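Here is a friendly walk through pockets, helix contacts and one backbone angle. Please have the viewer open as you read.

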Amino acid sequence: MQHWTRNHTLDLTLCALCAAAIAVCSWITLPATIPFTLQSFAIFLILLLFEGKRATVSVTVYLLLGAVGLPVFAGMKGGIGVLSGPTGGFLIGFLVMALLDWGISLICKKRSLVVKIVCLAAEQMVCYLFGSLWYWLYTGSGGLGTAFAVCVLPFLPVDSLKLLLATAIYHPIRKRISHI
């Protein structure tokens, strides 16, 4: 019983810390129509470190904290209005990324770092698609191509750098927490 309680407490603590990391990274922002934040960096790192249930729970906790009004989203905003607003699809897309990664980790028990990076890039594309479609339906302006040009093209180079940075710091962090 004590072993289960320790592992359960550890899981809850890690998920809370990861949700907090996403929130802090969302506050680091460059304002734009779709703000540039470090949220996706935190998502990439969490998915590299804790694929599966821990990552999904972490993202879910983050979204629930924001939904109840805590200022955890970009620009220190919170509330259901942010989730249902024009950029809400990207926030929900983070959860879709985590769920996809969990599913992939169930199918492929051992993935090399290269495979993980390819999976993250593909999952990010799904997030882009989800967010762009949401943005297009919300704004009703232009077509899906226009939404893609506004919501994805400016972010591709920056998000690629975030993925590379998350990959670069993955090993040192993984070493430190490998005993967990």
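## The second largest pocket

The lining of the second largest pocket has 11 nonpolar, no polar and no charged residues. Here Ala, Val, Leu, Ile, Met, Phe, Trp, Tyr, Cys and Pro count as nonpolar, Asp, Glu, Lys and Arg as charged, and the others, Gly among them, as polar. Among the lining residues are Leu-14, Cys-18, Phe-41 and Phe-50. Helix H1 (2-27) and H2 each give at least two residues to this lining; helices (H or I, at least four residues) and strands (E, at least two) are DSSP runs, numbered from the N terminus.

The space in this pocket is about 190 Å³, a volume being what is filled by probe spheres set on grid points joined across faces, edges and corners. On a 1 Å grid over the protein atoms alone, a pocket is an open set of points where a 1.4 Å probe fits, with protein on both sides within 12 Å along at least five of seven lines, and lining residues have an atom within 4 Å of a point.

The model is predicted: local features need pLDDT of at least 70 and side-chain atom pairs pLDDT 80 or more, while totals for chains, interfaces and linings use all residues. Residues are numbered from 1 along each chain as its sequence is written, and side-chain values use heavy atoms, without hydrogens and water.

## The largest pocket

The largest pocket has a volume of about 510 Å³. Of its 29 lining residues, Ile-34, Pro-35, Gln-39, Ala-74 and Thr-87 are the closest to its centre. By class, this lining has 16 nonpolar, 10 polar and three charged residues.

## H3 against H5

The axes of helix H3 (residues 53-67) and H5 come within 8 Å and cross at roughly 165°; axes are lines fitted to C-alpha atoms, for helices over the stretch in contact, and angles run from 0 to 180 degrees between N-to-C directions. H3 is therefore roughly antiparallel to H5, a term for angles over 145 degrees. In H3, residues including Val-59 and Leu-63 meet H5 residues including Leu-95 and Trp-102, where contact means heavy atoms within 4.5 Å. The residues of this contact divide into 10 nonpolar, two polar and one charged.

Met-76 lies in the loop between H3 and H4. Although not a glycine, Met-76 has a positive phi of about 55°. Most residues other than glycine have a negative phi.

How values were computed. Angles under 35 degrees count as roughly parallel, over 145 as roughly antiparallel, 65 to 115 as roughly perpendicular and the rest as oblique.
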